[in-house]
Amino acid sequence: MKHVKTLNKANLKETAVRGGCGECQASCQSACKTSCTVANQKCENAK
Amino acid sequence: MIHCYQMNGYNIILDVHSGGVHVVDELFYRLAQELEPPLPEACPPTLVEKYAAYGREAVEETYGEILELYREGSLYSPDDYAAFADRMVLSPIKAMCLHISHDCNLRCEYCFAGTGDFGTGHRMEMPLEVGKKAIDFLIEKSENRRNLELDFFGGEPLMNFEVVKEIVRYARQREKECGKNFRFTITTNGTLLTDDRIDFINREMHNVVLSVDGRKEINDRVRHRVDGSGSYDAFLPKFQKLVERRGDGQYYVRGTFTKYNLDFAEDVLHLNRCGFDQISVEPVVADPKLPYALTEADLPAIFAEYERLAKMLIQRRREHTGFNFFHFMIDLDQGPCVIKRLRGCGAGNEYCAVTPDGDVYPCHQFVGQEEWKMGDIFSGRLDMEMKRRFAASNVYGKEECRDCWAKFYCSGGCNANNHTYAGDIMRPYHLACELEKKRVECAIMIKAALADRTDETGETIPCDQDCAACVK
């Protein structure tokens, strides 16, 4: 495509099917404690 | 829903419900904002007319690309997630903030923990028996979860370090018996670190959070010792030693910025110059009447500083001298699943705080507010009505979050801040929302800039940097 560059291949919707195992880190266990940022956490099952 | 913004010369379109991120040219950027699904097969003549200055062929070609992404499901993708909201039910408790000490040897002005005692009026350390009971409680309440997280928190945890060591020993024994995996974190001001303690922490703690605000004068203005003197010189060399000996283990130097240092990027750079490459510097959360508090009036300056920091990070990564800034970390391909993003922080449902007395609260920030006490570790009983309320405080439970473009990044925000500053855990705290949105925009822009290197065939040149600085 000439007018657009897509930065990612992932689709959040696909993660709804295989996700939700609950084993990943709670956001406040990283460095938060006064805010909430979830998107910067890692998936426990990411290769 | 799409979110379109321009930053640092990039036109960026985020497709909210697929997570797709597109860097586009000016014509695409303009056309995308004109359209709403469902898209027709052919480019609407009104668009060809309106954007005639670009030429019919270019408009139709660009429309064709928009249509292709739409068909692929990465532009204007529908919101199908309400169906998953019913999965936001009671969960096992798998993370605990253990208040090992309700006392501290510092008197930081902005401390949300009331300089250690959480406003309770009595300073105390957690007895070992309470700590062991908390481990039993967590194992029992975690049901089928294997990975259990426990943060030694305070106050200052090093004031009760012998108990920390004994609790770790006990948990290691219990995890073998129960098939669990404990991941410990310790959050410390570092003043009481010794070589032995550093070795223990580096051996046993999955993560370490080291509190420092940045430049000495900035740190010492708000992070005082009990006698009013600054704390910087008492901990910085110890932090450097800990990190030097830690190898690849997870850690963050973690600071707070206030109205006193709206040039906080300088503090981030200072921390990097001190030898730290995993850095978090967060906005203070405080009553707007306090002199150091951030208010809506500070937003333009903070936004400009976040952008300045983002541009500096891009430059540093290109020069192979990058570092990691916690709030700009984003993984567009392998981040958390959408179920996690819907659930948010998990406070009061899968995360809780335990006081030195053994009382249970939804999280560390609710400690000391008696009406939020949800149980105790001795009886094992929990206020299930309160737990259900927190389980429901997900993105789709919060009316104002449901239609926000950033909902899958902040996941509904901090419930404690929502309660304290917006009056309800279900109502977002707008100042925090604005800051979070800006940080997400910066984080995505950094990705766009780092992908903006192409070879002669137009293919992206992958970053050849193999270091912890890269946002994974």
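This is a predicted model: local features need pLDDT of at least 70, side-chain atom pairs count only at pLDDT 80 or more; totals for chains, interfaces and linings use all residues.
**Close-ups of chain A against chain B**

**View 1. Salt bridges across the interface.** Between chain A and chain B the rule picks out 3 salt bridges (a side-chain nitrogen of Lys or Arg within 4 Å of a carboxyl oxygen of Asp or Glu). One to look for pairs the side chains of Lys13(A) and Asp80(B), at 3.0 Å, N to O. On the side of chain A that touches chain B, β1 (4-6) and α1 each put in at least two residues (DSSP runs: helices are H or I, at least four residues, and strands E, at least two). Residues count from 1 along each chain as written, chains are lettered from A in the order written, and side-chain values use heavy atoms, leaving out hydrogens and water.

**View 2. The whole contact.** Chain A brings 42 residues and chain B 85 (contact: heavy atoms within 4.5 Å). About 5,300 Å² is buried between them, 51% of it from carbon and sulfur atoms (accessible area, 1.4 Å probe, that two parts lose on being put together, summed over both).

**View 3. Around Gln25(A).** Gln25(A) sits in the segment after α1 (12-18). This residue is buried, at 14% relative accessible area (buried is under 20%, 1.4 Å probe, protein chains only). Leaving aside residues up to four places away in sequence, Gln25(A) touches several others, including Ser30(A), Lys94(B), Glu149(B) and His206(B).

Terms used: Buried means under 20% relative accessible area, exposed over 50%, partly exposed in between (1.4 Å probe, protein chains only).
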